[in-house]
Amino acid sequence: MFAEPALLVSRLIFIGLLIEAVEVVALRATFADGGIFSRANLALLTTGTRRQMRILAESGATTSVVAAMVIQVFAALVVIVDGVGSAAGVTAALCCLGTSGYVRSRRQIGGSGAEQLTFIALVVFAMVMIAGGSRHARQVGDAFLAAQVTLAYVAAGVAKVASPVWRSGTAMTGILSTEGYGLPGIADLLIAHPLLDRLACWSVIVWEVTFPLALVAPRAMLVAYLATGITFHVSCAVMMGLNRFVWAFCGCYPAVWASAMLLR
Amino acid sequence: MFVLVVLFVAWFAVSALNQLRAGALTARLRRHIPLGLIPLWTFFAPNPARADSRLIWREEVDGRWQHWRELQLGFGSWRTRWLVHPQLISNKAIADLVNSLLRTDAGVDDRSTVLSSSYVTLLSIVSDRSTVDRASAVQFAIVRTSKLHGRREVALAFVSEAHEVSDGSDRFTAAPAREGLAHVR
């Protein structure tokens, strides 16, 4: 994704950053005194942690957080329009690293794997730029991101294989029955057809555990793995409300693609 | 370039080791490296969320405990949450605190739970919601709710101590009020 900045798909994680900014602005009241992310609560939450873990955790209330997110909106828009190949795009991407890092530290809790991968991608980009931003440096950055995405899927798949709930094929019914991640219609469907749940659980497990094959398999198989990944993340967004995983993980697929091509 | 490659290899090696959740080195690194740069990728495994954690609390006013109230953060509408889902962040924040609290392996007579950052933060969150000036104490609990096969199930996961609230302030004191610690596992 860094090696081919002209590609539109290389900019997907910045759509995720745009959405993050909108969501944080919607939650702005929670950063004020009395909110769940108030400075007083963050001070309690980070008590006893090391200094580097507390940097900016208590800095700024609603105004600072909103200001950071407004900057993030504009910076993300610049990258979406211009990519990370130009000076403006590079500056804007680094700006997103600053604003996203600030809100991550200021909030400490409530983060997701999507946020984590997006932030890692931004840090990797900064390291690539510090190393000169050459084509080779960008390819190394892509390879690292591809490795992280592969590790994420394999680790998640292995954790599911180790889980009796996932192995029995009842996990999806349970998750979709909750209010937080659920969709009653789908949960009812899975309850009525347990075989569907088992199929869904094992499909996810097999796809996640075998994802490394995508890096070395023939091109058609790579396309199939990535297409399945897009379907999986879009399904999770629609059914479970995990909206930003689409932009974070699918946003790193160009890095998977570029690294797979290098391995051929 | 060489330094960049070495840094990425080291970062990936630590990330991979961290998936095993074992080893003093990775544990130490996690305590030193901020912002979740050492990831743990498990995604709803091994224990998928099959219940919603709800934070409830009550206040003591004029010597009498009021009804339990729930911290309502709302859930995103399925029509919009595929695109924008701010409630996911606030609900996940409470879930993170709850999970951290329930992971604290303290016995019934062990008061170390009360000193955990998650306990104190949850207590602060409910104290901030106190609307009664005359409240003299506050207590919170965590309830897990699920709805499978059309049947709603409610389970009590944790009950905090009752904490006295300072006069004219919504802040609490560390000393417990009259009731003792009650854990429900």
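Me: Which domains does the domain assignment of chain A give?

Reply: The assignment gives domain 1 (1-111) and domain 2 (112-264); such bounds come from an automatic or database domain assignment. Please note that this is a predicted model, in which local features need pLDDT of at least 70, side-chain atom pairs count only at pLDDT 80 or more, and totals for chains, interfaces and linings use all residues. Residues are numbered from 1 along each chain as its sequence is written, while chains are lettered from A and ligands numbered from 1 in the order in which they are written.

Me: How many residues of domain 1 of chain A are in contact with domain 2 of chain A?

Reply: 24 residues of domain 1 of chain A are in contact with 29 residues of domain 2 of chain A, where contact requires C-beta atoms, placed from the backbone, within 7 Å. On the domain 1 side, helix 5 (87-107) of chain A gives the most, with eight residues. Helices here are DSSP runs (H or I, at least four residues) and strands are runs of E (at least two), numbered from the N terminus.

Me: How do helix 1 and helix 6 of chain A pack?

Reply: Helix 1 (residues 12-26) and helix 6 (residues 113-130) of chain A pack at an angle of about 120°, with their axes 11 Å apart. The axes are lines fitted to C-alpha atoms over the stretch in contact, and angles run from 0 to 180 degrees between N-to-C directions. Helix 1 and helix 6 of chain A are therefore oblique to each other; angles under 35 degrees count as roughly parallel, over 145 as roughly antiparallel, 65 to 115 as roughly perpendicular and the rest as oblique.

Me: Which residues of helix 1 of chain A make that contact?

Reply: They are A:Ile13, A:Gly16, A:Leu17 and A:Glu20, which meet A:Ala114, A:Glu115, A:Thr118 and A:Ala121 of helix 6 of chain A.

Me: Changing topic, where is B:Pro46 found?

Reply: B:Pro46 is in the loop between helix 2 (24-32) and strand 1 (52-61) of chain B. The peptide bond from B:Ala45 to B:Pro46 is cis, with omega near 0°.

Me: Is B:Phe43 buried or exposed, and why?

Reply: B:Phe43 is buried because 20 other C-beta atoms lie within 10 Å. A residue is buried with 20 or more such atoms within 10 Å of its own C-beta, exposed with 12 or fewer, and partly exposed in between. B:Phe43 lies in the loop between helix 2 and strand 1 of chain B, and its phi is positive, about 45°, although it is not a glycine.

Terms used. Two residues are in contact if their C-beta atoms, placed from the backbone, lie within 7 Å.
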